[in-house]
Amino acid sequence: MVAFKEIIVPTDFSEHSLRALDYAIEIADKFHSRLEIIYVIEPLLQAADVSWTTVDFEQLNLAHKESAQKQLAQLVEERIPKGMEVQTKTLFGKPFVEILKAAKANNADLIVMATHGRGAISHILMGSTAEKVVRKAPCPVLTVKHPKHIFAMP
């Protein structure tokens, strides 16, 4: 029998990723799985010569991380049933790389993620995070489409 003990759920807090989280919760409930909800921050890189600016990129990254951790805590409080085992992590790096690393580090049995994130422009420019995860994941990946993106047959 297939058992999903460890489920990784990447989120970007979009409506799409929250729908994927709902699927993960249902699966976790049925299999008594542990959820790990992760949020990945692509760090703001500091240019080689920034003497012209007073922007503290390290401070901006730290503020982003603190905000993400608060949002993750709120997500758990509002959506995760009491008694379900859940952990949250905020990571820095390329989203697909960090998702794959988390899956390997946790011996994940399943990754549940949305097919669409925050924007179509970033998909065109960088490719889909979901596509990269599906191609390289060490475990099955359940991709969840948002109802608005499901093609209806005539």
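Where does histidine 32 sit? Some notes on that and on the rest of the fold follow.

1. Histidine 32 sits in the loop between α1 and β2. Helices here are DSSP runs of H or I of at least four residues and strands are runs of E of at least two, numbered from the N terminus. Its phi is near 55 degrees, a positive value in a residue other than glycine. Histidine 32 counts as exposed because its relative accessibility is 71%; the classes are buried under 20% relative accessible area, exposed over 50% and partly exposed in between, with a 1.4 Å probe and protein chains only.

2. Before going further, a word on the source. This is a predicted model, where local features need pLDDT of at least 70 and side-chain atom pairs count only at pLDDT 80 or more, while totals for chains, interfaces and linings use all residues. Residues are numbered from 1 along each chain as its sequence is written, and side-chain values use heavy atoms, with hydrogens and water left out.

3. Asparagine 107 also has a positive phi, about 50 degrees, although it is not a glycine. At 60% relative accessibility, asparagine 107 counts as exposed.

4. The largest nonpolar core has 24 residues, and Ile7, Leu35 and Val112 have the most contacts inside it. A core here is a set of buried Ala, Val, Leu, Ile, Met, Phe, Trp, Tyr and Cys residues joined through side-chain atoms within 4.5 Å. Two or more residues each come from β1 (6-10), α1 (15-31), β2 (34-41), α2 (57-79) and β4 (110-114), and α1 gives the largest share, 7 residues. A second, separate core of 15 residues includes Ile38, Val40, Ala103 and Ala108.

5. Isoleucine 7 is worth a click. Leaving aside neighbours within four places in sequence, isoleucine 7 is in contact (heavy atoms within 4.5 Å) with Ala24, Ile27, Ala28, Ser33, Arg34, Leu35, Glu36, Leu110 and Val112.

6. Helix α1 checks out on length: at 1.5 Å a residue its 17 residues should span 24 Å, and the end C-alpha atoms are 25 Å apart, which agrees. The expected span is 1.5 Å times one less than the number of residues. Buried residues of α1 are His16, Ser17, Leu18, Ala20, Leu21, Ala24, Ile25, Ile27 and Ala28. An α-helix has 3.6 residues a turn, so residues three or four places apart point the same way. The buried residues of α1 pack against β1, β2, α2, β4 and β5 (141-144).

7. Helix α3 (residues 95-105) buries Phe96, Glu98, Ile99, Leu100, Ala102 and Ala103. Their cover includes β1, β2, β3 (86-92), β4 and α5 (129-136).

8. Now a charged side chain to look at. Arginine 34 is in strand β2 and, at 12% relative accessibility, counts as buried. Beyond neighbours within four places in sequence, arginine 34 is in contact with Lys5, Glu6, Ile7, Glu85, Gln87 and Asn106.

9. The whole structure holds 2 aromatic pairs. One of them, phenylalanine 4 with phenylalanine 31, is edge-to-face, at 5.1 Å centre to centre and 80 degrees between the planes. Rings of Phe, Tyr and Trp (its six-membered ring) pair if their centres lie within 6.5 Å; planes under 30 degrees apart count as stacked, over 60 as edge-to-face and the rest as tilted. This pair joins the segment before β1 to helix α1, 27 residues apart. Phenylalanine 4 counts as buried at 17% relative accessibility, whereas phenylalanine 31 is partly exposed at 26%.
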